[in-house]
Every structure is written in structure tokens, then in C-alpha cells.
Amino acid sequence: ALEDRVKAVAEMPECEERTVRTAQIAQAMKRQYLQWNRNTVDDALIAEQLGELSDGRLRLPEGFTFTPSQDLLNAMEAAAAKKEANEAKRKKKKKKK
């Protein structure tokens, strides 16, 4: 779960990997938020929540920018459409047998 990832990264020593994983977690948090709230999300809120979840141990690197909400929404919609198409293909194959 996300909380487990946050705790694991917060326990890591300061290093490039920790910085990268922190950014990945923040992007994942934004995607999860957008799954339930199809509007844009305040990036500052995500950064604040990351700090709260990690008891202040994780902060986004200087100059970090989130992927724009619309880009994430487009990617999520494309992934959902691909999944639907794959499921439809599987059902067709199953019917042919």
C-alpha cells in the first residue's frame, strides 16, 4: 500500500534513490487522487500530505514539478481503453473455442 511505500522510503538514508522514490510516490498520490476526483488537484496539497504521511521526513526535491493533471487523466483514460479492448479480445477468443 502507499502508506507502506512512504514508510519504507522515509527510513532510507538521504540519497538519490530516496529522492527519486519520493517523487514517484508523490506522482502516485496525485494519480490516486485524480481517480476519485476527476478535476485538477492542488499539487501543494499532495506535497503537504506526503509530508504528513511521512511524519515530515519526506519532502519533494527542489524544483520538482508534478505531471499536469490533464496529462495524467489522458494516460489513465488510455490505459482503461486498452484494458477494455484486451478484455473484449479475450472474450472473443473464448467464444470461438
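Analyst: Helices in contact

H1 passes H2 in a left-handed crossing. A crossing gets that name if the near helix is turned anticlockwise from the far one by less than a right angle, and is right-handed if the turn is clockwise. The helices here are DSSP runs (H or I, at least four residues; strands are E, at least two), numbered from the N terminus.

Before we go on, keep in mind that this is a predicted model, where local features need pLDDT of at least 70 and side-chain atom pairs count only at pLDDT 80 or more, while totals for chains, interfaces and linings use all residues. Residues are numbered from 1 along each chain as its sequence is written, and side-chain values use heavy atoms, with hydrogens and water left out.

H2 covers residues 16-36, which is 21 residues. From its first C-alpha to its last, H2 reaches 31 Å, close to the 30 Å expected at 1.5 Å a residue; the expected span is 1.5 Å times one less than the number of residues. Which residues of H2 are buried? They are Arg18, Thr22, Ala23, Ile25, Ala26, Gln27, Ala28, Met29, Lys30 and Leu34. Buried means under 20% relative accessible area, exposed means over 50%, and partly exposed is in between (1.4 Å probe, protein chains only).

Now back to the first pair. Two packed helices are described by the angle between their axes and the distance between the axes. The axes of H1 (residues 2-11) and H2 come within 10 Å and cross at roughly 160°. Axes are lines fitted to C-alpha atoms, for helices over the stretch in contact, and angles run from 0 to 180 degrees between N-to-C directions. H1 and H2 are therefore roughly antiparallel to each other. Angles over 145 degrees count as roughly antiparallel, under 35 as roughly parallel, 65 to 115 as roughly perpendicular and the rest as oblique.

On the H1 side, the contact uses Leu2, Arg5, Val6, Val9 and Ala10; on the H2 side, it uses Arg18, Arg21, Thr22, Gln24, Ile25, Ala28, Met29 and Gln32. Contact means heavy atoms within 4.5 Å. Seven of the residues in this contact are nonpolar, three polar and three charged. Nonpolar covers Ala, Val, Leu, Ile, Met, Phe, Trp, Tyr, Cys and Pro, charged covers Asp, Glu, Lys and Arg, and the others, Gly among them, are polar.

H2 also packs against H3, at an angle of about 120° with the axes 10 Å apart. H2 and H3 are therefore oblique to each other, and their crossing is right-handed. H2 brings Thr22, Ile25, Ala26, Met29, Lys30 and Tyr33 to this contact, and H3 brings Asp43, Ile46, Gln49, Leu50 and Leu53. These residues divide into seven nonpolar, two polar and two charged.

Let's finish with some single residues. Ala10 lies in H1 and counts as buried at 7% relative accessibility. Leaving aside neighbours within four places in sequence, Ala10 is in contact with Arg18, Ser54, Arg57 and Leu58. Pro13 sits in the loop between H1 and H2 and is exposed, with a relative accessible area of 57%.

Ala47 is part of H3 and is partly exposed at 29%. Beyond its neighbours within four places in sequence, Ala47 is in contact with Leu60 and Phe66. In the loop between H3 and H4 you will find Asp55, which has a positive phi of about 55° although it is not a glycine. Asp55 is exposed, with a relative accessible area of 65%. Pro61 is also placed between H3 (43-53) and H4 (69-96), and it is partly exposed at 27%. Pro13 and Pro61 are 48 residues apart in sequence and 15 Å apart in space, C-alpha to C-alpha.
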